[in-house]
Amino acid sequence: MMNKNITDRIIRDYYNEMDLNTIFINGLIEFWKLYQGLNKKNVIVTNLRIIRKIAALLGMKRAPYNRTELLSSQYFAMKDALLLLAKKNVPVYYYNRIGKEKGGFDYSVSALNRMEKHLNFPTLLEHIDEYETDLKELFGELYSKEYIQELGKIPQVIEKGNVYRHEDFSSKYVNVIEGQRIVCYQPEHYEKTIHIYGRCGAFGYAVEDKNSLPSQIQLQLQKNVRVVNHGLWGGEDQYLIHNFLNDCIGFKEGDIVLFYMKHIDKRLLSHWEEAGVKYKEITHEWHEYPEAKWCFYDRPGHMNHIGYQHVAEIVAKDMIQQSFSGKPVNTSLYDGFNSENLNAYLKKNNKSDFQREITEYTDKIIKEYPLTGHSMVNGAIVMNCNPFTKGHRYLIEFAARQVDRLYIFVVKEDKSFFKYDDRFEMVKAGTADLPNVVVVSSGKFIISSLTFPEYFMKDYVKEKNFDVSMDVETFCKHIAPPLMIKKRFAGEEPFDPVTKNYNENMSKILPKYGMEFCEIPRMSLDEKRVINATEVRRLLQERDFDAIGEYVPLSTLRILTEKY
């Protein structure tokens, strides 16, 4: 648990961002502090309902402590995430979820009736016969009882791993694969990926797959752009922010983030905009379409397929006009930037059942690759292999000669230039001829967003001496013993200070657990060129496959040629 003094400070800083002072009331004996709250600049923060009720009667600002703790930690983690994405050149757009137009807008009689009676889609679905007229207006030629009932089959939101996702589901009109609703019209080849976050409006409120907002945005955009739907119908905003914070460290140049969510408090929005968010109010623009008078259920945000087409037109047009560019950020904001709040949030809010899951992880490896004797001396190398090079092969060959079995743990987090599946395939293909080498996934316990999230931000933050003890000690305590690993190998790191720091810490920590650390000099092509994956990625962008062939095995070159 985070120290309460630290939590209080974060909450206090959160309200300071809104130019408010914080008064904490921890018990009834502190009732007298309510008098301080009469100042409009003060907000009462307490878990005591009776205190919040009295504060409400007195017209004071008040907030529950536990919820505010989450909101404040997410807010500051979000600021870090936005700066991180700005440094990665990943644009972030925020379009407000359509709301009710102010100033006496001329809604239709039927729309006014649905708003007054709160006739949302689930209510109409439950009483199809009673509200058949409304449903026919909203669905037009698409209307039939069977069609409406099929659209109402929405898989529930569940916690899966460390994120919130819809359960996988397949039907004629609603399909969810790996927690995400499918997006229609996606191109086979693309240069950019737009990740859309939002609640039911992003998921697709009462529309089939092809008419969801992400699918309609995909339809509007150029064919070299792919859209991904991260929407949650029935999910809280805090779930969406949590998912985004877990995803953000894996985004890279060529990605774009799009939020379609409710309005942000303007006092907080200004800080997000400073960190790179491009915010656009689109409610008024949407209401300029004639169908805006009637094309929704209980409120304009809960719209039919025509309404989503119009939102998609507004969003796609705006993004194209801005050439999918990011908002410039004042470089002074990067001074001392170390993503401390984001790292703290990711570690504190990981929902892993650690002991059970790590036991299952090692048991699965042993079942697939049984241990052959009690006196085995096994070794391990943890590799990202982004991509797999001749240098990786050289390191593996050297290490394999020192041990009975060598485990290659390929970093599983999909937060690198090359996808995990492709990196894993490269390592398997590149080591297939080595009989005592076993290639396995690192899972969520070795260089992951749970144990070492800083690794995936190392190119964008000032701090280089990250605390890697959690990652290394997890390996020593829980992974090495059951797999009989006595040696861990790593290549010398002359370029990357984060990896160099990681190696230095391994040399200190591993011996405490009776393990040997072996650091191996890198392989060089000549006196001037050390083999490194960064150079391969640069050459790949130039499509110089002849030069790449000097750095990678034929098996890697084949995969790069076929897939990239």
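Which residue in E16 is the bridge partner of glycine 379? Keep that in mind while you look through these views of a predicted model, where local features need pLDDT of at least 70, side-chain atom pairs count only at pLDDT 80 or more, and totals for chains, interfaces and linings use all residues. Residues are numbered from 1 along each chain as its sequence is written, and side-chain values use heavy atoms, leaving out hydrogens and water.

**View A. Two strands side by side.** The partner of glycine 379 is lysine 487. Strand E13 (residues 378–383) and strand E16 (residues 485–491) pair in the parallel sense over four bridges. Strands here are DSSP E runs of at least two residues, helices are H or I runs of at least four, and both are numbered from the N terminus; two strands pair if DSSP finds at least two bridges between them.

**View B. The open sheet.** Five strands line up as E15-E14-E13-E16-E17, with parallel pairing. At the edges sit E15 (437–441) and E17 (516–520), each pairing on one side only.

View C. The largest core holds 82 residues, and Phe244 and Phe409 have the most contacts inside it. Helix H3 (residues 65–87) gives the largest share, ten residues. A nonpolar core is a set of buried Ala, Val, Leu, Ile, Met, Phe, Trp, Tyr and Cys residues joined through side-chain atoms within 4.5 Å; buried means under 20% relative accessible area (1.4 Å probe, protein chains only).

**View D. Inside helix H22.** In H22 (residues 554–563), the buried residues include Ser555, Leu557 and Ile559. Among the elements covering them are helices H17 (420–430) and H20 (533–541).

Technical notes. Buried < 20%, exposed > 50% of the residue type's maximum accessible area, 1.4 Å probe, protein only. Contact = heavy atoms within 4.5 Å.
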